[in-house]
Amino acid sequence: MPTSHDLFARAQRFIPGGVDSPVRAYKSVGIEPRFVDHAEGAHVHDVDGNTYLDFVQSWGPMILGHGHPEVLEAVRTQLERGTTYGAPTELETEAAELVCAAFPSIEMVRFVSSGTEAVMSAIRLARGFTGRDKIIKFDGNYHGHSDAMLVAAGSGLLTLGIPSTPGVTEGTAGDTIVVPYNDLGAVEAVFAGNPDQIAALIVEPVAGNMGCVPPAEGFLAGLRALCDSHGALLIFDEVITGFRIAYGGAQERYGVTPDLTTLGKIIGGGFPVGAFGGRREIMDRLAPTGPVYQAGTLSGNPVAMAAGIATMKVLGRDGVYADLEEKGKLLAAGLKRAADEAGIPASGTQVGAMGTLFFTSGPVTDWKSAALSDTERYANYFRKMLERGIWLAPSQFECCFTSCALTHEDIENTVLAAEEVMGELAVESFRAPGGG
Ligand SMILES: *Cc1c(COP(=O)(O)O)cnc(C)c1O
């Protein structure tokens, strides 16, 4: 049996960096990635024979855990009937009805194949609808890898220390204006300095790509008011938060209504799906009803729709989000307590089934304060937790996701592991030359 090391060496000969998405390469945590053999429930098994509790969940989609029986059944049934037709199916309408019921701001929705595509299309639609060019985004928010959104763009780039990327033209970058998260004054100044030019403001209503950073009190409502007074569309990028921090995402949780919403991750039930939706008058501007073009060979893929529908239905049952909230709180409190008891400076954030333990005394409210984290210490923490069978995100600037599949005992064991690890980190930093 080839080991992770063997497979990584082979992959690097044919795939840049050996991975199809950069953070999977584990560069910032100083070890080689583990190659996965299989996963079920809350557990992932690598090809080297190790078993881990999964807090990455494929970066968000697997909120039910791996191989949920109802999702598997829906997928198997659809596989027998065909995997793609390039023609409409009832499944797409059923998925659309579920999304619209969950998000009252979404009257119509279109399905695509990734979160990147959802955001890219929503931006084009916002420009087409308003007849304006410029977009406001926040430092440390990630909205996928389309050109306009790859400016000051969150975890993947932050982890690799890439401020912005070659290949994006100055013209494109110039239409994207970046402001600090949770800073309404900065947003107001940009609107004032670009009268009648801002098509849309896009925000992660709870940031999840610089680690989990919640919106300050009144921040989202303030954005709503500013967009209204300047005739710009407000886009909530709920690719992570949708169906994660509440069934109806951040807009349900915080009671603020965007014009457009982007979704992804969870709504595909582990398959490649994204979606964007909003008010009918805006969505009607899309082809074929309107002039704004957008299309996709595998959009609304029936197997992916079947998985997404099954996932949304399970999540819609009573008690699911109360349970996720409780587990999220238990984990966040346990990890913070472990750090405190060992005298390790740390600041914890948590909103429902997402959270981050930052290795900085905090508070963490934006990218600048997140970046004060001790990433060397995080890497050390990550490696020691992995040795104890706990699979965390391989970067300080990602979320720790809780899932329905985790038991309270799993969380207790994770906290016990963290207590051991924090103790070791404290001893090591005491011994390290210069201390600290
Ligand atoms: C993951 C993510 C995206 C991009 O989704 P992909 O499916 O990876 O293209 C966009 N926005 C947010 C907030 C995300 O977390």
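**Reading strands, a helix and a ligand site**

Visitor: In which sense do strand 2 and strand 3 pair, and over how many bridges?

Guide: Strands of a sheet pair through backbone hydrogen bonds, and the pairing is either parallel or antiparallel. Here, strand 2 (residues 43-46) and strand 3 (residues 51-54) are paired in the antiparallel sense, with three bridges. Please keep in mind that this is a predicted model. As an example of positions that face each other, H45 stands opposite T51 in strand 3.

Visitor: What lies between strand 2 and strand 3 in their hairpin?

Guide: Four residues lie between these two strands, and in this hairpin G49 takes a positive phi near 95 degrees.

Visitor: With which other strand does strand 3 pair?

Guide: Strand 3 also pairs with strand 13 (residues 390-391), in the parallel sense and over two bridges. At this pairing, L53 has I390 of strand 13 as its bridge partner.

Visitor: How many bridges join strand 11 to strand 12?

Guide: Five bridges join strand 11 to strand 12 (residues 354-358), and the two run antiparallel. Among the facing positions, S347 stands opposite F358, and T349 stands opposite T356. The two strands also form a hairpin with two residues between them, where G352 in the turn has a positive phi of about 55 degrees.

Visitor: Over how many bridges do strand 12 and strand 14 pair?

Guide: Strand 12 and strand 14 pair over two bridges, in the antiparallel sense.

Visitor: Are the residues of strand 12 buried or exposed?

Guide: A residue is called buried when its relative accessible area is under 20%. By that reading strand 12 is mostly covered, since five of its five residues are buried. Both faces of the strand are involved: M354, T356 and F358 point one way, G355 and L357 point the other way, and all are buried.

Visitor: Which residues of helix 1 are buried, and where do they stand around the axis?

Guide: In helix 1 (residues 4-14), the buried residues are S4, L7, F8 and A11. They span an arc of only 100 degrees around the axis, which places them on the same side of helix 1. R10 and R13, on the other side of the helix, are exposed.

Visitor: How far apart in space are G30 and E420?

Guide: From C-alpha to C-alpha, G30 and E420 are 21 Å apart in space, while 390 residues separate them in sequence. For another pair, G185 and I63, the values are 36 Å in space and 122 residues in sequence.

Visitor: Which residues surround the ligand?

Guide: The ligand is surrounded by S114, G115, T116, Y142, H143, G144, E204, N209, D237, V239, I240 and K265. By class, this shell holds three nonpolar, six polar and three charged residues.

Visitor: What distances to the ligand are found for T116, D237 and K265?

Guide: An N or O atom in the side chain of T116 is 2.6 Å from an oxygen atom of the ligand. For D237, a polar side-chain atom lies 2.7 Å from a nitrogen atom of the ligand. For K265, a polar side-chain atom is 2.6 Å from an oxygen atom of the ligand. On its own the ligand has 380 Å² of accessible area, and the protein covers 83% of this.

Conventions. Residues numbered from 1 in each chain as written. Predicted model: local features only at pLDDT ≥ 70, side-chain atom pairs only at ≥ 80, totals over all residues. Heavy atoms only, no water. Buried < 20%, exposed > 50% of the residue type's maximum accessible area, 1.4 Å probe, protein only. Arc of directions from axis to C-beta. Near = heavy atom within 4 Å. Polar contact = N/O pair within 3.5 Å; in protein donor to acceptor, adjacent residues only side chain to side chain. Areas by Shrake-Rupley, 256 points an atom, 1.4 Å probe, with all protein chains shown as cover. Nonpolar A, V, L, I, M, F, W, Y, C, P; charged D, E, K, R; others polar. Pairing = 2+ DSSP bridges.
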